[in-house]
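Me: I would like to learn how to read the features of a model such as this one, taking each general idea before the particular case. Could we go through it together?

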Amino acid sequence: MFARTPRLLLRPGWMEDAPALAEAIGDAAVLRNLAHAPAEYSQTDAEVFLAQPQDPRLPSLLAFTRTKGAPRLVGGCGIHLAKDGMAELGYWIARPYWGLGFATEAAQAVMHMARASGVRHVHAVHFADNPASGNVLRKIGFRYTGRTEKRFSLGRGSVADCLVFEEGEAARMVTDSSMDLYGDSRPALAA
């Protein structure tokens, strides 16, 4: 699975991405917001992650800038099955790119891909002390359920409260040409 957004190329991670992935996730400020990435994230951890088998219906992608120079790894976004078997959206952004809207852009694209693959009833959680992640979820049509749950974060080395979000009833992604995964092919098809 690949997707292009106005500023990003989302694609599966390749083994040659391991050094950049290790550097980006290895930042303590990024690690503390992730549940499954171990503290002291190394290139070996990145290689293990990149070698994991992927469910073809569940996008798990790295996000790279595709404008203004050579592509740079800005984050990752995907859907995985949580312990309860529910589809769960997750994402992270490297610290130099915080606050630029990349998480929202990547999450919208991944949700489009998931819906096209028939994935429904996606939920998401974020650590309570990371309100920016809640803002991303609201922007893409998720709503806070009013529930919290405790999750262990390897990056924190402790349990922390998470707020639980789910797709709102009207959580349909806005279909516009900037988020249309097949928009580039229309002129060729019309010809």
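Me: Which strands does helix α4 lie across, and at about what angle does α4 run to β4?

Reply: A word on the source comes before the case: this is a predicted model, in which local features need pLDDT of at least 70 and side-chain atom pairs count only at pLDDT 80 or more, while totals for chains, interfaces and linings use all residues. Residues are numbered from 1 along each chain as its sequence is written, and side-chain values use heavy atoms, with hydrogens and water left out. Helices (H or I, at least four residues) and strands (E, at least two) are DSSP runs numbered from the N terminus; contact means heavy atoms within 4.5 Å; and axes are lines fitted to C-alpha atoms, for helices over the stretch in contact, with angles from 0 to 180 degrees between N-to-C directions. Here α4 lies across β1, β2 (8–11), β3 (60–65), β4, β5, β7 and β8, and runs at about 35° to β4.

Me: In what order do the eight strands form the sheet?

Reply: Two strands pair if DSSP finds at least two bridges between them. In this model the eight strands make an open sheet of mixed pairing, in the order β1-β2-β3-β4-β5-β6-β8-β7. The edges are held by β1 (3–4) and β7 (142–153), each of which has a single partner strand, so one side of each is left without a neighbour in the sheet.

Me: How many bridges join β6 to strand β8, and in which sense do they run?

Reply: Strand β6 and strand β8 (residues 158–167) run antiparallel and are joined by five bridges, with Glu 166 in β8 as the bridge partner of His 123. On the β5 side, strand β5 (residues 87–93) pairs with β6 in the parallel sense over two bridges, and Leu 89 has Ala 124 in β6 as its bridge partner. Strand β4 (residues 73–81) is joined to β5 by seven bridges in an antiparallel arrangement, where Cys 77 has Tyr 91 in β5 as its bridge partner.

Me: What handedness does the unit made by β5, α4 and β6 have?

Reply: A crossover is right-handed if, with the strands pointing away from the viewer, the path from the first strand over the helix to the second runs clockwise. The β-α-β unit made by β5, helix α4 (residues 102–116) and β6 is right-handed.

Me: Why is strand β6 described as largely enclosed by the rest of the structure?

Reply: Buried means under 20% relative accessible area and exposed over 50%, with partly exposed in between (1.4 Å probe, protein chains only). Five of the five residues of β6 (residues 123–127) are buried, so the strand is largely enclosed by the rest of the structure. His 123, Val 125 and Phe 127 point one way from β6, whereas Ala 124 and His 126 point the other way.

Me: How many aromatic pairs does a search of the whole structure find?

Reply: Rings of Phe, Tyr and Trp (its six-membered ring) pair if their centres lie within 6.5 Å; planes under 30 degrees apart count as stacked, over 60 as edge-to-face and the rest as tilted. The search finds two such pairs. The rings of Tyr 97 and Phe 102 have centres 6.1 Å apart and planes at 70°, so this pair is edge-to-face, and both residues are buried. Tyr 144 and Phe 165 form a tilted pair, at 5.6 Å centre to centre and 45° between the planes, which links Tyr 144 in strand β7 with Phe 165 in strand β8, 21 residues apart. Tyr 144 is partly exposed at 33% relative accessible area, whereas Phe 165 is buried at 0%.
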